[in-house]
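Thanks for coming. Please look at the structure first, and then I will go through it.

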Amino acid sequence: MENEQKVMTGEESLRIISEMINRTKVNIRQGSFHLLFWGWLIVFCSLSEYLLFRLTDMENPWIVWLLVIPGAFVSFIYGYVKGKKSPVHTYADMLYMWTWIGFFISAIVLFIIMSGKMETVAPYILMLAAIPTFISGFIIKFNPLIFGGISFWVFALVSYFAGPSIGPLAVPAAMLTGYLFPGYMLKRKDHNDQV
Amino acid sequence: MTRFKDLDPILHSQLRLAVISLLVSTVSAEFTYIQEQTGATAGNLSVQVTKLKEAGYIEVTKKFSNNYPQTLCKITSLGRQRFIEYVNALKDYIDKESI
């Protein structure tokens, strides 16, 4: 960037403004960790619950979902440390973060409301998860995440209507399309952007 | 080629405009981040940041993080207002130029 004495044209001023504003947009693309972490954790929990239900006499197979509690701590600590280290905080970062915190609080409220019938919670949680995923896709202008959010709504319907034999598999399937596929694409994009 | 002489002189400089444009879409940014994004030297950037601070367009906070000094810059409401006015004035000039 040159010294201040040079007189700028309108085109130069506009170029500087748009170039600088665009540079602050890429920051939240480095958030693939949360998508991959939650994607794999939920795939593990949902498949474990399904297999325990099918293959064992366990009374409460949904108990494997308690893993999301330490998972939430890991996610929170990772986000806090990364946030502290980040040299810049954009309004898009804040919007992204509060959207997911809002979802997290809604999920806790949903679990409390549905605590007596946890085996029926899947379609509701998928429907809720669609909202931050869909919005996040628009915030970071990343189509796979937008489609991931849409796929959550589709799998919420599948989970609700498909019946007990296929319905439980809607959650791991949704994780593939909603978190894991966009997460790996985002990670690859970050890597390519940095090279 | 259109030249500007009556635009806000604080903002009508390449580096200061770049700094304000970066800060306008951020809650806060570190000095080193601004330096990296603008490609300016630390000395030149420091001078321009001081000018923006003295004009009341940005706030500068110095603190320590992991024993390293950290300089955080944040746009003020005055700075945001002046940036909007600058962009509107720029738009007027470009509109007039295209007629």
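One definition to begin with: two strands pair if DSSP finds at least two bridges between them. Helices and strands are themselves DSSP runs, numbered from the N terminus, with at least four residues of H or I for a helix and at least two of E for a strand.

This is a predicted model, in which local features need pLDDT of at least 70 and side-chain atom pairs count only at pLDDT 80 or more, while totals for chains, interfaces and linings use all residues. Residues are numbered from 1 along each chain as its sequence is written, and chains are lettered from A and ligands numbered from 1 in the order in which they are written.

Now the pairing. Strand 1 of chain A, residues 88–90, is joined to strand 1 of chain B by 3 bridges, and the two run antiparallel. A:Thr90 has B:Thr26 as its bridge partner there.

Next, the contact as a whole. Chain B puts in 30 residues and chain A 22, where contact means C-beta atoms, placed from the backbone, within 7 Å. On the chain B side, helix 1 (14–24), strand 1 (26–30), helix 2 (31–38) and helix 4 (77–98) each supply at least two residues. Helix 1 of chain B gives the most, with 7 residues.

Last, chain A by itself. Chain A has 7 helices and 1 strand, in the order α-α-α-β-α-α-α-α. Its radius of gyration, taken over C-alpha atoms, is 20 Å. The C-alpha trace of chain A spans about 80 × 30 × 30 Å along its principal axes.

Methods. Rg over C-alpha atoms; globule rule 2.2 N^0.38 Å. Contact = placed C-beta atoms within 7 Å.
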